[in-house]
Structures are given as C-alpha cells and as structure tokens.
Amino acid sequence: TTMTAPLIDSTIASDLPSPLLIIGPAYSGKSEFATGAVAPNLTTTVIGTASPAAQKGSSGLAGRLAQLRTSRPHGWQQKPLQAGLSDAVKAADTPGLILDSLNMWLGHLIFQGAQTYNDDDLTGHVWAELNEFTATIKQQKWERLVFVSAEVGAGMPPETATARLYRQAVSRINQLLAAHCQSVVYLQSGLPQLLKGELPTGRKA
C-alpha cells in the first residue's frame, strides 16, 4: 500500500511542533508558509540568506525579497546574512527564528568558495561549513524555529562539479534537518503536505 502524505490547512502552521522544516520547489509558497508558522506576536528574527547582490539588485529576486519583507509582522527583526550563517544563528536572541533559505545560503557559499578553492578543497570547505551549522542548531534553543529549503534532487545530474556539489549539499542538509526537526512540510503549488510530525490536538488536516 502506498502511503500519501496528508494535505494540511496552512492555518494550522503555527501549531505544528517545532523545529519545523519547510521544503519544496522554487516559488511554491515556502516562505509564506514559514511566516504563517510563527505566531505574529512572537518576537522573531528572520535571517535572509540571499547574496548581497541579489538583495540590492534590480532583478526579480530582489523584488520578491522586498515583497516578503513587507509581508512579515512589523515587530520582527529581518536581518540579511552578512557573514557566516552559524555566527548569525548564535547571535539571534529572539524567541523565534526563521532561516530563509538554506539552499540560497549554500548556493552563495559554493559560488564564493569556487573563486578560491579547487574542486576537492571546495567540497571540504562546504562540508565543514555545513557540519558547523548543524552542530550550532543542535546547541541552540528557540521557542519557535523554522527552516526553509528547496528540493533540488529531481531531474538529470548536473554537468559541472560545482553544480553537483550544490545539489549534494542541499540534499544533505535537508536530510540532516528532516531528522532533527519535529515537523517537516512539503510545499507543491502552494499545497502543504505533512511529511513528518503530528497534527495539533483537535485539529484536522
């Protein structure tokens, strides 16, 4: 018998057990679901991981990021990533924390590293950063913790070593966080499916 992950009502997002991982393809509604997964009156830090160029440029992504910032509760702290992600996570002293998104962080990390390292050293550099991040997450405690990441494993294998490393790194961090989190939600065309976790008591999918 094939088991299908249940569709859930996005209005129960803030009631799903924390930590929460939200994954899915691009522009599937992950960031919006992440905002809804935290009570608006809970003081929250949102760490945006898009590259500085993407955040300040005139591209469609810059517009998308600006739209997301304005859609979040006014009292939340929204901090673009300026240095290492692990350091930014350690500095987040609010009860709530959203990391949006891990695939963008890894993409920027790999792109920057490729300017300095050869393929083998770049792989070692990325794995070291990934391991430091996951260790930091396990050491810190928040009342509400939400991760956003993309699903990049489908399709043909990438042709370049850098692109393959990116797909491997994103897939790896998704697996590590899925194991760590109490709840995992997959978004497809705006429809959330609960892959891991329990529905809140008295709530229905």
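## Terms and model

Two strands count as paired if DSSP finds at least two bridges between them. Helices (H or I, at least four residues) and strands (E, at least two) are DSSP runs, numbered from the N terminus.

The model is predicted: local features need pLDDT of at least 70, side-chain atom pairs count only at pLDDT 80 or more, and totals for chains, interfaces and linings use all residues. Residue numbers start from 1 along each chain as its sequence is written, and side-chain values use heavy atoms, with hydrogens and water left out.

## Strand β5 and its partners

In β5, Phe147 is the bridge partner of Leu99. Strand β4 (residues 96-100) runs parallel to β5, and 5 bridges join the two. Strand β1 (residues 20-24) is also parallel to β5 and joined to it by 5 bridges; here Ile22 stands opposite Val148.

## Largest pocket

Pockets are found on a 1 Å grid over the protein atoms alone: a pocket is an open set of points with protein on both sides within 12 Å along at least five of seven lines, whereas a cavity is a set where a 1.4 Å probe fits but cannot get out; lining residues have an atom within 4 Å of a point. Grid points are joined across faces, edges and corners, and a volume is the space filled by probe spheres set on the points.

The largest pocket holds about 450 Å³ of space. Its lining has 27 residues, with Ser31, Leu65, Leu68, Asp100 and Met104 nearest the centre. Two or more lining residues come from each of α1 (30-36), β2 (44-48), α3 (60-71), β3 (77-80), α5 (102-114) and β5. α3 gives the most, with 5 residues. By class, the lining has 12 nonpolar, 9 polar and 6 charged residues (nonpolar: Ala, Val, Leu, Ile, Met, Phe, Trp, Tyr, Cys and Pro; charged: Asp, Glu, Lys and Arg; polar: the others, Gly among them).

## Second largest pocket

About 220 Å³ of space lies in the second largest pocket. Of its 17 lining residues, Leu81, Ala83, Trp105, His108 and Leu109 are the closest to its centre. α5 and α6 (119-139) are the elements that give two or more residues to this lining, and α5 gives the most, with 5. The lining divides into 8 nonpolar, 8 polar and 1 charged.
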